[in-house]
Every structure is written in structure tokens, then in C-alpha cells.
Amino acid sequence: MHVIEYDPRYKQDFIDFNTAWIMEHFGVLEKEDLETFETIEQSLQNGAMIYFAIDEDTQDAMATCMAKPMDGVTWELCKMGSNKTYNRRGAGNAVFEAAIQYAIDHGAKRLFMLSNSSLKAAMHMYETHGFHEIKLDDYEYARGNIAFERIISE
């Protein structure tokens, strides 16, 4: 497996992995999901990056994750999805780490994520990578009921 930055060949995988995951766990795509999928190139032009873990043999995308600037020094990690064919091979962790490093390399002092507390494996991964729960007044997505941040020390 190797991790690559965004390649348009894998754009549909980004959309498909995330759509499948959202539908499996929550049953409906929200307006914000569709906006993200429709504005991928614009997000990339505005500084975001999407990572893909690629299988060495098949060249299939295994997992994906996006890092995008929010405001100032805050970056959001979002739209992490995977190809179920490649579950439990470390691909999700690899793209998550690549997205974190990209954000830090591009000036992030705070990393932010929205999630759902029912996703126990995801909660564990976030905590393993130094994220801590924060309370919000608005979780943006109907499915979002928990938020995390990681402050990047100097």
C-alpha cells in the first residue's frame, strides 16, 4: 500500500466510499455531503487535499480522507471512507495520518472533526491520534453529535 495526494482518477472512489459509509450508518446523505462532493476541485484550489491509500498490486483505492482549511489556523479532517474489500489493512489510518500531516505542514495549529458517538472504532482512532472531545452549539450535520479537536503544539 502507498498513500497519494489527490488524483482525479480516484475522485469517484472518494464520493462512492463516503456515500456508502454514510448510507450504511445513517441512511441519508445531507446537503453538506452533496456540496462537498460537488465542490471537490474548488476545495482543492482553496488549499484542501484528499489522500488515497492505493493497493500496490491492483492500484485500487483502499481508503480516503480530506483535510481542508476552515478559518485561520483551523483545519477540518473529514470525509474519511474506505473500500470494504480492504478493511483492516491500515489504509484508513494511513490516509488519516497523511491528512493530519498535510494540515500541519500548511499551518494548522488546530485540527477539528465532527463525528457520531456510535462509531466506536472511529472514536478510538481519533483519541489515539491526540484528539479530544469538545462541545459545540451546532454540530452542522444531523448525524453529528460529537466533535473533536487537536491543538498542535509549537
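At 10% relative accessibility, Tyr102 counts as buried (buried, under 20% relative accessible area; exposed, over 50%; partly exposed, in between; 1.4 Å probe, protein chains only). Tyr102 and Trp75 form an edge-to-face aromatic pair, 5.8 Å centre to centre with 75 degrees between the planes. Rings of Phe, Tyr and Trp (its six-membered ring) are taken to pair if their centres lie within 6.5 Å; planes under 30 degrees apart count as stacked, over 60 as edge-to-face and the rest as tilted. Trp75 lies in strand β4 and Tyr102 in helix α4, so the pair ties together parts 27 residues apart in sequence. Helices (H or I, at least four residues) and strands (E, at least two) are DSSP runs, numbered from the N terminus. Trp75 is buried, as is Tyr102.

The model is a predicted one, in which local features need pLDDT of at least 70 and side-chain atom pairs count only at pLDDT 80 or more, whereas totals for chains, interfaces and linings use all residues. Residues are numbered from 1 along each chain as its sequence is written, and side-chain values use heavy atoms, with hydrogens and water left out.

The structure holds 9 aromatic pairs. One of them joins Tyr51 and Tyr102, also in an edge-to-face arrangement, with 6.0 Å between centres and 65 degrees between the planes. Because Tyr51 lies in strand β2 (residues 49–54) and Tyr102 in helix α4, this pair ties together parts that are 51 residues apart in sequence. Tyr51 is buried, with a relative accessible area of 8%. Elsewhere, ring pairs link Phe96, Tyr126, Phe131 and Phe148 into a cluster.

Helix α2 (residues 31–38) has Glu32, Asp33, Thr36 and Phe37 buried. These residues cover an arc of only 140 degrees around the axis, which puts them on the same side of α2; the arc is that of the directions from the helix axis to the C-beta atoms. An α-helix has 3.6 residues a turn, so residues three or four places apart point the same way. Lys31 and Glu38 are exposed, on the face of α2 turned away from its buried side. The packing partners of the buried α2 residues are α1 (11–26), α3 (40–45), β3 (61–71) and β4 (74–82), contact being heavy atoms within 4.5 Å.

The largest pocket has a volume of about 1,200 Å³. On a 1 Å grid over the protein atoms alone, a pocket is an open set of points where a 1.4 Å probe fits, with protein on both sides within 12 Å along at least five of seven lines; lining residues have an atom within 4 Å of a point. Grid points are joined across faces, edges and corners, and the volume is the space filled by probe spheres set on the points. The lining comprises 42 residues, of which Trp21, Met80, Gly81, Ser82 and Ala122 lie nearest the centre of the pocket. Two or more lining residues come from each of α1, β3, β4, α4 (91–105), β5 (110–115) and α5 (120–128), and α1 gives the most, with 8 residues. By type, the lining divides into 22 nonpolar, 12 polar and 8 charged residues (nonpolar: Ala, Val, Leu, Ile, Met, Phe, Trp, Tyr, Cys and Pro; charged: Asp, Glu, Lys and Arg; polar: the others, Gly among them).

Positive phi values occur in non-glycine residues, including Gln59, with phi near 65 degrees, and Lys79, with phi near 50 degrees. Gln59 is found in the loop between β2 and β3 and is partly exposed, with a relative accessible area of 37%. Lys79 is placed in strand β4 and counts as buried, at 10% relative accessibility.
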